[in-house]
Amino acid sequence: MKIAHWRRARQVIQALALVFFLGLAVYSWRSLRSPSPAGIPLRLDPLAALAAMLAERRWLTAFIPALVLVAASILLGRFWCGWLCPLGTLIDWISPRHLAGTEPAPSSRWRSVKYALLFVTLFAALWGNLTLLFLDPLTIFLRSVSTLLLPALNWLITQAEITLYRVVFLRGALEALDALLRSALLSYKQPYYGGAVLFVLFLGGILALGLIVRRAWCRYLCPLGGMIAFVSKASWLKRRVSDSCVSCGACARHCPMGTIDADKGYASDSGECTLCLDCAPVCPKGAISFGGDWRVDRGWSYDPSRRQALGALGASLAGLALLKLNPRAHHPDPHRLRPPGAKEESLLSSCIRCGACLHVCPTHGLQPSLTQTGLEGLGTPLLVPRLGHCEYSCTACGNTCPTGAIPRLSQPEKLEHPIGKAYIDPKICIPWSGRGDCIVCEEMCPLPQKAIFLRETSFTDNIGEVRTFLAPIVLHERCIGCGLCESKCPVNGEAAIRVVVDPMS
Amino acid sequence: MKVVTRRVFLRGMMILGAGAAIAACAPKSVVVPTQEPKPASLTKIAEAPTSVPASASPEPAATGTPIQPSATPVVKARTPSPAPAGAAYLAVARGTSPAEITMRAIAAIGGIERFVKKGYDVIVKPNICNANNGPEYASTTNPEVVATLVKLALGAGAKRVRVMDYPFAGSGQAAYARSGIEEAVKAAGGEMELMAAMKFADTKIPVGQDIKSWPVYQPILEADLVINVPIAKDHGIARLTLAGKNLMGTVENRPGIHRNLGQRIADIASLVKPQLTIIDAVRMLMANGPTGGNLNDVKQANTVIASHDIVAADAYATTLFGLRPEDISYVAASAKMGLGTMDLKSIKIEEPDV
């Protein structure tokens, strides 16, 4: 097979891999299938794997696929970035072709930023902090799909259906379409995610960088790219340029990573080359080939150095101190509800911020934390019952979590791990405030022995009339904090019954 | 190949969009055209040999029921079908086979042919309130009872039988599967329909006492026949979830119904008017309803109640719990509105044992 054919194969594999990652995300959304495969791509991620193991100080078997990826990278270099990474493929597709050779060339020293991010991430992980995994491309991808792409699609299609349904002759077709989409793809209720705008700006920023400099994210910033680059310095498969090179510079112009250096005889850094093979077919002399070579690729100005590692160590400590000075840590938000079984103390050092749990939550009540848990908890899961309760029969989040930050519980075990406790605000509760009967919370409580009971309560109003209502009372020893009562409470705005972190625990 | 330029494409899109906009701007007429098939099907009933009165009068006069005509003529021409001579007003069948007693109860009130005509579009509305428990917990309608209704309707020539409910927690998909109803209905040849947001529309309730309009699932109003098949169970404020309460699964904004629940349920019933009510009391949930989850709260009663009169069916069901019809606010409110009778002494009740 000629190199041009291999290049074609790479393009096909890139598209297939993107379809695979996207398809898996769509397939696993809102956990229609159990067990949900949403967390599987994350297990390929060596950065998440190493960081989680450092932070948790234990071996995580779930990440064996990541080891395979590292081993493959020792052989094949940064093939992940060029052939498989879904974010890389999106960046490739969005970069205009005419950029080749005309783009501004920022100093190659910027490439060291990704190593710096890698080192800071790993040192921080050593101190038990995983906040920077927010920047991992696989977490960015899944987060963007589950909080932006699918909810937006769901909203647009549903609104279009509602509008078009008024056209009588379209109804048959719409019904068939809805039956198909609703069972396979869309959600029975519209998801809403706080921070979606932030995430779209973030993803948009990464893609927009690719409009200025091809693969700018991959060259300069991506911490996973940095990790694979580090390994790939010693990779076996390397790009070679033969003596027939006439220094025309075509290969350097076409290299999306900009790693082909005219000053070094058009050689490239095996830590930067993604084996995309764009260079070989454009060489008029056929001087470019790929072959085995175990030498370590050193001598590039931006190579990771001891000084950089020490700097990262200092930066990680300084950053950690800054995050820990957040007053929220000592004065926590009582509505900071975590998924069933997740412990606040250990969650921050075991959650890799991948968002697989939010992705599979069928009620869309699990939300990425933005400010509620400080910057340190950015992207960790919170249950917001007003947006969606914890479904009684569901254990999807724990079964999907790749690190065990949310423990894998059976449904009966889940009931033993209360998320919080429901409290009634009598100032706005309809019967407690004397405004009529209601009891929706009692009706909704899904426990076989309901945690809410109704007590006849009467009071005499200002004209001497006795009013009697059935008023709800929470039995806290039974309540599991699922939040279905809060989600369905009919008062406007915040519910009159709210789940808070158990104040007595 | 002809190249479609951006300009041509945009022009096409504009024409299409304008057409769609114009078509979509014919709004409230939506309810009107869908009613057109209804008078036609009514005439069919009138012509059918089994029907006793040839007039289109809404009362099933043959049995001399105390149903009074509504104060104002109802927009919906959906009325209980006239009963053949000798048929009971209400039937209560008891026996160990849910399918058998369902069939016997229906036979006693005039047979399925009284309700289903050839080519009918039928909707069966069971109670599938959530995905928490299987049928043995008696929080969702017995799958065998539902499947029997599907089979009977198809056997009587129905063109299509859809089964649906709008669970109050979790997705319809999960609840349909967990309840066992999906499997039973599919095996019987019926379809499960996931209730879609687009099919809810604000609908006027002409005789509504407390609410004058509410978002209602349109296919429920458009179907030729709606069979309401609740399970008899305990409920906090309503005390019992029966046929009237089960109609809450046909509307949106359910928390809002809870303010003045009894009258609002009666108002919804005045609009939806299911022509046939089957109350599943094969298993009854006696406490911790309507959600259930505790087998100790389940009572095996092996009973099915059938009537064209939703109020009478509910009134009878209250007695299974040792209550009186007037204890249940929506039963009393519905009777007061003339939607049926809760005076069990005034009607002919047949109680076959199978």
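The contact draws 33 residues from chain B and 40 residues from chain A. This is a predicted model. On the chain B side, the elements that give two or more residues are helix H1 (6–24), helix H6 (172–178) and helix H10 (254–257). H1(B) gives the most, with three residues. By class, this side of chain B has 16 nonpolar, 15 polar and two charged residues.

**Chain A overall**

Chain A holds 20 helices and eight strands. Its C-alpha atoms fill a box of roughly 105 × 65 × 35 Å along the principal axes. Of its 505 residues, 48% are buried. Among contacts in chain A with a separation of 6 or more, 76% join residues 24 or more positions apart.

**The nonpolar core**

In soluble globular proteins, nonpolar side chains tend to be buried together. Here, the largest nonpolar core has 225 residues. A:Ala51, B:Val146, B:Val304 and B:Ile305 have the most contacts inside this core. Helix H6 (residues 112–126) of chain A supplies the largest share, nine residues. Where does the core lie relative to domain 1 and domain 2 of chain A? Domain 1 (3–147 + 198–292) and domain 2 (420–505) both give residues to the core, so it lies between them.

Look at A:Ala51 next. Leaving aside neighbours within four places in sequence, A:Ala51 is in contact with A:Thr121, A:Leu122, A:Ala125, A:Leu130, A:Leu133 and A:Ile352.

**Helix H3 of chain A**

Helix H3 of chain A covers residues 64–76, which is 13 residues. At 1.5 Å a residue, H3(A) should span 18 Å. Its end C-alpha atoms are 18 Å apart, which agrees.

Which residues of H3(A) are buried? They are A:Ala66, A:Leu69 and A:Ser73. Seen down the helix axis, the buried residues of H3(A) fall within an arc of 50°, so they line one face. They pack against helix H2 (46–56), helix H4 (79–84) and helix H11 (223–232) of chain A. The face turned away from the buried side carries the exposed residues A:Ile64, A:Ala71 and A:Leu75. Just after H3(A), A:Gly77 takes a positive phi of about 70°.

A:Thr139 is found in helix H7 (residues 137–164) of chain A. Why does A:Thr139 count as buried? It has 23 C-beta neighbours inside 10 Å, and the cut-off for buried is 20 or more. Not counting residues up to four places away in sequence, A:Thr139 touches A:Leu133, A:Phe134, A:Ile352, A:Arg353, A:Cys354 and A:Gly355. A:Leu133 and A:Ile352 are also among the contacts of A:Ala51.

B:Pro98 sits in helix H4 (residues 98–108) of chain B. B:Pro98 counts as buried because 23 C-beta neighbours lie inside 10 Å. Leaving aside neighbours within four places in sequence, B:Pro98 is in contact with B:Asn142, B:Glu144, B:Val145 and B:Val282.

The table gives a C-alpha separation for each of these positions.

| Pair | Separation along the chain | C-alpha distance |
|---|---|---|
| A:Thr139 and A:Lys238 | 99 residues | 29 Å |
| B:Pro98 and B:Pro215 | 117 residues | 34 Å |

Definitions and conventions. Residues numbered from 1 in each chain as written. Chains lettered and ligands numbered in written order. Predicted model: local features only at pLDDT ≥ 70, side-chain atom pairs only at ≥ 80, totals over all residues. Contact = placed C-beta atoms within 7 Å. Helix = DSSP H or I, 4+ residues; strand = E, 2+ residues; numbered from the N terminus. Nonpolar A, V, L, I, M, F, W, Y, C, P; charged D, E, K, R; others polar. Buried ≥ 20, exposed ≤ 12 C-beta atoms within 10 Å, placed from the backbone. Core = buried A, V, L, I, M, F, W, Y, C linked by C-beta atoms within 7 Å. Domains from an automatic or database assignment. Expected span 1.5 Å × (residues − 1). Arc of directions from axis to C-beta.
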